[in-house]
Structure formats: structure tokens, C-alpha cells
Amino acid sequence: MQPLQILIFTVLRPRFRAIYEPRTYVPDEGKRVEPFSKSMLLWPLALFKLDYQDIKRTNGIDAYFFVRFLRMMVIIFLPAWLLSWALFLPLYGAGTTNGKTGLDRFTFGNVSPSQQARYAGTIIFMFFFTPWILYNIKKEMRHFITTRQRHLVDPEHSKTAQANTVLVTGVPRKFLDEAVLAQLFSHLPGGAKAIWLNRDLKDMPDVYERRLKACNKLESAEKALLQTATKLHLKGKSPTQAAGGKPDPNLPLAEQLVPRDQRPTHRLPPFKFLPFGLPFMGEKVDSIDWAKKEIVETNRILEESRAKLKEDIDRPGVGDDEHYPPLNSAFILFNQQIAAHLAAQSLTHNEPYRMADKFTEVAPEDVIWHNLGLNPYEKRVRTAISYAITAALIIFWAIPVAFVGIVSNVYGLCTQYKWLAWICKLPSVVVGLLQGILPPVLLAVLMALLPIILRLLAHFEGIPRRSGLELSLMTRYFIFQVIHSFLIVTLSGGIIQALPGLLNNPASVPTLLASNLPQASTFFLTYITLQGLTGAAGGILQIVPLILYYVKLIILGSTPRSIYKIKFVLRNVAWGTTFPSVTLIVVIALVYTPLQPITAGLAFATFALFYKLWTYLFLYVLDQPASGDTGGLFFPKAINHIFVGLYIQQVCLAALFFLSRNQNRKASAVPEGALMIVLIVFTYVPFRDLVFRSWVTLIVPGLFSAAFHFVLNQSYGPLLHSLPLTLAHKSYGMPRERSLPSGEPEDDMAQENADADADEAAGGKKRAVAIHDTRGGGTDGFDKARRIEGADDDNDIRPMREPSKNMPTDFNHPATVEPQRPIWIPRDEFGLAEAEAKAMMAEGIDVSMKDAEMNEKGKINIDGRPPNDMI
């Protein structure tokens, strides 16, 4: 199957650039990459030469560190593969008398009771493997911190509004005034430049959504009208042609070309709570007339509401009679980037939970607006409820999964239980479908629903940013995966195999468990192999996106805007589910490497394939939105997932050592078990020496993972989110310091630059060339917020987005500032589009026919971006 997928990719790749190389022409000039390979057959060589360093410039820091994590796993498992095969294959498989066959010959449990001394090799391996993992973790965390800090102070980033703004929640009523907040934060360097109070907008967001839906409906209806006119003309059935080609000048052009009964119509929802209409229910309306009326009405409502909102903003202080009273949160734009980070770290208020939650690196597109007004106590209660439901979900998820398992064995059950006998009487085809097709479909649906449910729980918790939802989901989903997809499978598989022996000879429980638990590795060998071979081949072929691309164009590509979204808005990755899927393989590989050494080789191959696959995807196919980039904060969470794997590995090995029995049924591997406990609990190296510059000091007896993990978090934890004062001078617009003492972060960053250069040199010729996009942007939107007297206007901070004059560039809710999205319709050969556009503009509706036209067959072609870049 995999060779066939590679062959299909080889044939299709040159012919479908929209699927396999869209980043060569879709992004802005500064973000594009060179063509992948002009040769149909030499693409593997081009894939091998791809430089993952370019991802940092073309697709963001999150994507870069995801690929860097895969690279780290390749480096970790390469020596683990070589050493484990050289050591464990003869140690577990040669000259043993346990009678196991196949892959089970090479498992920890194949060592016979009379050969327990061989377990000394396992503990020796662990005392080399664990320090190697910890060394790589420390090295990568150092690189992560330096790279993230360099990203934060990069001039292209540090001069954006995103880099200089803090979201503060839980603001007491006394401080819900721009001048008061400005005074409070005036103690920080440079003070505040602009402040946006978040307000209770009541029905404004709903009206704004109504207008967007009406705009979509109007574009779709106008397209349908134009296509109907074109088809009637081709068939000679238009009213003008039926009248002998003499149009009635008193009728609008639309009625001259399309009969009234063939105009687009739809039904309104029969009940207000329904978001859509139902067949044969509700009022039937002309879609164009209804949508135009809806847009005019919502425009009027929004204009009136915005006028009242302006009155509230211009009024000093907090009044009880405000139309839109402020909520307990605010965005604060600072004149200096370091001030934003100091504000986020400072103890702001003297009462519990007041102004305690502060968020840096906030982009307007990343904000969840309706989560900004939660009471801080309510938010903590919601958090407790959210995690309680998550825990219950993890525990009780086994029930629907077990039901799927029951369905998969329905034929056996119907022969055993009389009340299910009717199933056996069904046609064999139906029973086959129930037993063979339905269970995998149900399981796939269950696993697809799980991330949605977990993401909703994180949303309920009150997290104010979408990127924060993904960070929360990553933790929840990983816990679920480890428990359900790993621990339960491991324990149930081993115990079920040992069950007959346990029932017949209860005294042999330790020996049987130690022998049979490692045999669950066969399932995981298959799992890793499928992930590596099938996952990599399927990932590069992308047959589903290829099919969906053309299905969407046929079914959903009805308007210029929908066609643009399908063709030019690239796919992205949901980190909350993607990262845990990879770290689950890490956990499996870490745990089973000393128990079944073949795992290490398969893990190395899987991560090597994934490393090249995702490098290709992020350079040529995917596009992560800058607004959702966390600066790599998913990476340290993934590092913590490695420690989870280490803990499970060491606890399992210690338990297996203690369960091992010799031919006299006496404990035979107590020293090895004790050394594993030492590896878990004690450390020979003082804590202060754990974060060191030389990896040699790691290889000492008694080094343990938990202490290293603790010190790693203590050392690097404070550096994950905030910018240190020692780097403040590197931000945009800040004067440079003349000199720094040797060994300070400046030198570390220089060393990291040298390391990066060395990596690039070792990687061979770079295949993807990216150029920083240095185009400037306006600051028109900042005058919508209340300016702070004395703010440094010379410090040019440009918005994160670079929109047109009609787009918001600040931290106001879109409903309060965004104009009506222009109705984008294509030109046609009859002039009907122009006539419709004039009619809409006469009613005050913004409309455009730019870069879109409909040909004589009714097909729409576009040659540019949507009007005002409003997608």
C-alpha cells in the first residue's frame, strides 16, 4: 500500500500545485518558497535536502519547534536503536528456555528463571539511555529559550501591537477607566500608549453576525441570479428572447433576463431559536430582496449602537447610565515591549484574584471576546468544573469504547445469549456489516468527538485566547491518550494473556505478570509501524485534501469569495491534537525500548519519516496564522510529555524487576529494581549542577529523572513566557546598550546563532528560500482607543495585521469598528452584475466586482484577493 501511495504522489505532484506546492505562489512574496523539484523522479533527493530552519521564517515558531521536536526524537532514538539491538537481541533472545516464539523471543519476559542475571544488561542500558535523553532535553530547552527570546525581540515582531500589548482580566470597577489604568501602569518604562476597555456590547455582536450572514446570502443569491440569466440565455428562454429580443425598458434588467418565479428564494426559520430554515416551513422570501433589507437594517442598528458606544468612551469615569458599561478586562498597549512583560509579571492589585490573570502576545484575531467578562472567582469555579468533567470523561469513556468492542463481536454474542439470537437470523451481509464495518466507524466517530468535547470544556473554563484553548487541549488530550491508548491496552493485554495461568496457579502471579506484561509490545510495534509507514506515505500523498479540494470547488465554490477561500486559504494544524498524537508515540517508544528493543528501531524510522514529512508540509503546503502563534509554547509541554514517558518506563521496569522470580520462585532482580528506584528518586549530582554546560557529568550513578525535571522547570520555567530585562535593549525602538559582561544572554544568543549556522551548513544546500516581509503598515486604528496624554507617538508600533483603511487595526471588538464587508459579485456579459451593483449601492450597500467575472457558460473566475482583503 505504501509503495503505491508514493508512486501516486510521484505522478500527481507536478500536476497539482494547489495541493502539493501552494506555498510557492499563494502567500505574500516574502513568505513564498522555491519550487520543490522540477524532476518527477528526483523529489526524494529534494526532500532530503530540505532545511527545517526555513520553517521559522515562513511558518512561525510553533511549526519550527514541532519539527525540531521530531528531529530531537530522531537524535535520541538513533543510538538507542543501535545499542538496544546490539545488547538486548542476544540478551533476551539467544539461548533462552522460556519457549516464546516470533517477536516475543526478544522481550524482557523471555529471560528464563535460571538466567535472571541477564537483567544486569537492562539496568546498564538504562544508566546510559536516561542520561542521553536528559542531555538532549537540556540542550533543546536551552535552544528553545534562546530562540523564543530572539523571536520576541526581533524588530519585525517587537514593533507590532501584538508584542507590546497586555490583556488584563479581573479589573475592579474602580480601575475601569482609561486614565486610571494609565496612571496605574505609568510606573512601568514608557507607560501606556493606548488602552481599550472591553465592554458589554449586548446585542451588537449578534447584529454583526446577522450582517455577515446576510452578506453571504446576498453574494450567493446574486451568483444564482447571474447563472440563471446565463443558462436561460444559452437555452433561448430568457424573457427578452421570448419577446422577440425587444426588452421592456420599464423593467429592471434582472426581470428582463430572469422571470420572477426563477429568482433565488429561501425559507426563514419557523422558530426564532432555529439558526436555519426548514423545508415546507417558515415564510418563503426572495433571497436578494431579503438580504438587502437585512444588510440595510443591520447597518443602521450598528451605526446607532456605535454612536452610543462613542459617547460612553468619551465620557470620563464609570457611569451607571452607560449604554455599554465596561467589563472587567482591558487591553493595554505600551510604548515599550519590556513594559508589557513587566506588567504581566507584576503583582498589580492588593486583593486576591484582582487583575491577577494577564496575557502577553495577544493578537485581536486570537481573542475569544465573550470570555473577557468573567468574574475571577467564577473563572476558577469553571476551571474546577471543567477539569472534573475531563477526569470523569477519561474514566467513563471506556463505556462507549467497550460498546464498540461488543458490536465487533456481535456474532459470537448472538450465539451465546438467547435475547440476541435475532441478530444471528439476519442476512450474513448485514451481520458482516454490523461486525466488520460499524465498529471502526463508531470508534472513529468517538475519537473525532473527543477533541471537540475537550476543546468545549477548555472554552467553558473561560480561556480568553484560541491559542490558549489549544494549549489546554494538548494537556487534556495527552492524558486521555496515555491512559486509554497506552496504559489500559498494556495492562489488559498482558493480564488477559496471563489469566489462564493466574487462575490455575495463583502463587505464580509475579512470575506470570513479569513474563506476560511485556508481550503487549506486539500491538504497539504494529501501531508504531502503521504510524510511521502508513502515516508518512498518506501524509505526503494527501489524497483526502486532494479529493476535498475539487469536491469543495464543485459543491461549495459558488461565489468569488468561496472560490478564493478554497483556492488560496491554506490549511493549518490544530496543535492541541497534533502534538499529543506524536508524544504518545514517544511515550510508547520510551517505555518499550528496554522491554522490546525492536521498538527503538521502529521509533527511529517513524520519527525520521515524520521529520522529513512535516518539514515538507510546513515549507510547501500548510500555513499557520501568525495571530495564533504562541512563540513555541507547545514545545515545553511536549518536553514534559517526555518526562511522563520516562516515569512510566522507570516505574514499569522497577516493578518488573521486583516481580521477576528465579527457578526457586524467589525474587531474583531486587538489586536492579533498587537501582531503578535510585534512578527515579535519588540523585548523586547536586541540584545546582543539573543545569550545566558539559553533558559528561550526567553519566553518574544515581542520577534521577524527577530531580532533573524539577530543576529544569525551576531553571527555565520563569523564562518561558516573559522577556528578561537583559534583552530589553534589543526590542524595536530601544537604544542599544554599549556593552554587556561576558557570559550574559547576549553571548548565549550569539552562540545559538553560531549553532544554527552550523546546523544549516550540515544540512546541505537549502531548498526553501524565505525573505522577511518588511512592508510597513498603518496605525489608523489606534485613534479608536483613548490615547494616553504624554504617550510617545514617535515610537512607531504598527498593528499585527496589515489591512486596508477599512479594517480594524486595534483591540476593539469587530462589531464596534468593522465596516460592512463588500458584496463581491462577478461581472457578466449582459451587464446584469453592474445593474445589481448600482441597485445595491443606491441602498447604501457596499459592493465590488473587482477581479471576478463569470464567463458565457456561468463559470466564475477570480484574479485577485477579495475587496479590502476582507475574507
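Residues are numbered from 1 along each chain as its sequence is written. In this predicted model local features need pLDDT of at least 70 and side-chain atom pairs count only at pLDDT 80 or more, whereas totals for chains, interfaces and linings use all residues; side-chain values use heavy atoms, without hydrogens and water.

Trainee: How many aromatic pairs does a search of the whole structure find?

Mentor: Rings of Phe, Tyr and Trp (its six-membered ring) pair if their centres lie within 6.5 Å; planes under 30 degrees apart count as stacked, over 60 as edge-to-face and the rest as tilted. Under this criterion, the search of the whole structure gives 44.

Trainee: What is the angle between the planes of Trp81 and Trp85?

Mentor: Trp81 and Trp85 are four residues apart in helix H5 (residues 61-93), and are therefore separated by about one helical turn. Their rings form an edge-to-face pair at 5.8 Å centre to centre, and the angle between the planes is 90°.

Trainee: Which ring has the charged end of Arg476 over it?

Mentor: A charge sits over a ring if NZ of Lys or CZ of Arg is within 6 Å of the ring centre and within 35 degrees of the ring normal. For Arg476, the distance to the ring centre is 4.1 Å, and the ring is that of Tyr387.

Trainee: How far apart in space are Phe524 and Phe486, C-alpha to C-alpha?

Mentor: Phe524 is in contact (heavy atoms within 4.5 Å) with several residues beyond four places in sequence, including Phe486. The two residues are 38 apart in sequence, and their C-alpha to C-alpha distance is 8.6 Å.

Note on methods
Helices (H or I, at least four residues) and strands (E, at least two) are DSSP runs, numbered from the N terminus.
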